[in-house]
Structures are given as C-alpha cells and as structure tokens.
Amino acid sequence: MKLLAFDTSTELISLAVTRLVDGVPHVWLHTGAGGAQASSALIPAIETLMAEAGLRFEELDAIAFGRGPGSFTGLRTACAVAQGLGFGAGVPLLPVDTLLAVAEEARAQQAPQQQSLRLLALLDARMGELYAAPYAYVAGNWQQQADFSLLKPEQLMLEDAQALAGNVFAEYGERLSLPPELPCWQALPTAAAMLRLAPSLLAAGNAVAAADALPRYIRDKVAQTTQERAAAKAVR
C-alpha cells in the first residue's frame, strides 16, 4: 500500500511514507520539532517526504493521522492538514488513536518477538494529569481493553498490565507509585507505528471521508487558573 502518516499530538512532529520499491516495502521517515511550530512546519515536511518517496498525493491509498488524545493545537493541526490533503487528492483518511500508536511503538521497540502483551499506554496531558488506555496484543492485533481515561498520576490503576509505555515517567516520577519490577518504556505515538497499524485498521473499515475526520478530545478544559497552577507546583 501507498500510505502517508503523521502525528503532531506531542512536542514532536512524526512523519512517515511507505510504498513498494522493486517489490519491497520501503519507508521514509522524518521527525522534527512540533508544539507551536507544528502548524507552520507540517505541510512543508510532508511535501519534502513525499518528494523523497517519489509519490503524488493522489497516488496514496490512505492518509493516516493521529487524532488524539494529545495537545489540542497539535490535534487540530493534524486533522486540518489531513482533511485538506484528503479533499484535494480524493484520498480516504485513517484517524489513529495516539495511545494505540504509543502501544505499538513500545511493542516494536521493546518486545517485538512477544506474541501476547498487556500494556498500559500513557501520555502527558499537562495540567498535572495524564491520558491512559489499556491494550492487549493478541495474535498480531491490538485490542483496547477499556475507554480512555484522564486522571491524576496518583489515580493510575495498573490492573494486570505487564508494562507501561508513554512519555509520563520523567514528569511525574514518584507520583505514579509504580512497583520497581514493572517495565516502563519511553514511547511516543510515531508515524512509523501508525503505518504498521494501518493495514488492520483499514481492513476493519476505519477509514473515513475527509469531511468526517475529527480530532478526539478527552479533556474539555485547556488552561489552568493562576491558583490551579500554583497548587500543581506545590505538590511536585
């Protein structure tokens, strides 16, 4: 398949393009600074990577993007760019949950040979909170075990997770109260992970028309008051 994938839900931009070269799948990757720079840097980076891969947008089978949860600005940027490219090229879009991409990136980097894995994916939600979702990897496919949660580090329930994965460990440290024997794998929602997830997600009918692509927000509130920021600092 010819696929483009990108994620701007964190402080990094992650891009990937794949197509066959002489009958062999080849992947082009790019990682750059995101955050406030994502809105201006994403489209030029996509154009450069597509040119390196020798692909036109209308040749793509689908465009995958990280729909959330994550940075509000990053999610809006990814969705808007995906919609624009999808409308312009007449290509379907594949919204990918960022926590699923975290789980897949961690599995590929830390446990590529395991046939089964119970993993709790975590992303920093800022404001002293984190996003969490439990996944099980069974027979080559991921199954989400419960809905997304937005919670304080102290509220995290490990359930029967064999490992944790995400970007919360340095930020929240002891507030997570993790047993020392539990593996904690640093992982972000990469575009490369999204490419690996794409075939099964497309086969499951998760592609949508550009007009139907939306970010996935878990939190309604996007900023803290001065008092809330002071209280958050006091517990660190």
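Which element gives the most to the lining of the largest pocket? The legends below answer this for a predicted model.

**View 1. The largest pocket and its lining.** The largest pocket has a volume of about 470 Å³. Its lining counts 20 residues. Those nearest the centre of the pocket are S9, E11, G70, S71 and R126. Two elements give two or more residues to this lining: helix 2 (72-89) and strand 6 (116-126). Strand 6 gives the most, with four residues. Sorted by class, the lining holds eight nonpolar, eight polar and four charged residues.

**View 2. The second largest pocket and its lining.** This pocket holds about 310 Å³ of space. Its lining is made up of 20 residues. L100, L197, S200, L201 and N206 lie nearest the centre of the second largest pocket. Strand 5 (93-97), helix 3 (98-110), strand 7 (129-138), strand 8 (141-144) and helix 5 each give two or more residues to the lining. The classes here are nine nonpolar, six polar and five charged residues.

**View 3. T190 in its loop.** T190 sits in the loop that runs between strand 11 (184-186) and helix 5 (191-203). Is T190 buried or exposed? T190 is buried, because its relative accessible area is 17%, and the cut-off for buried is under 20%. Apart from neighbours within four places in sequence, T190 is in contact with S14, A101 and E105.

Methods:
Residues numbered from 1 in each chain as written. Predicted model: local features only at pLDDT ≥ 70, side-chain atom pairs only at ≥ 80, totals over all residues. Heavy atoms only, no water. Buried < 20%, exposed > 50% of the residue type's maximum accessible area, 1.4 Å probe, protein only. Contact = heavy atoms within 4.5 Å. 1 Å grid on protein atoms, 1.4 Å probe; cavity = no way out; pocket = protein on both sides within 12 Å on 5 of 7 lines; lining within 4 Å. Points joined across faces, edges and corners; volume = space filled by probe spheres on them. Nonpolar A, V, L, I, M, F, W, Y, C, P; charged D, E, K, R; others polar.
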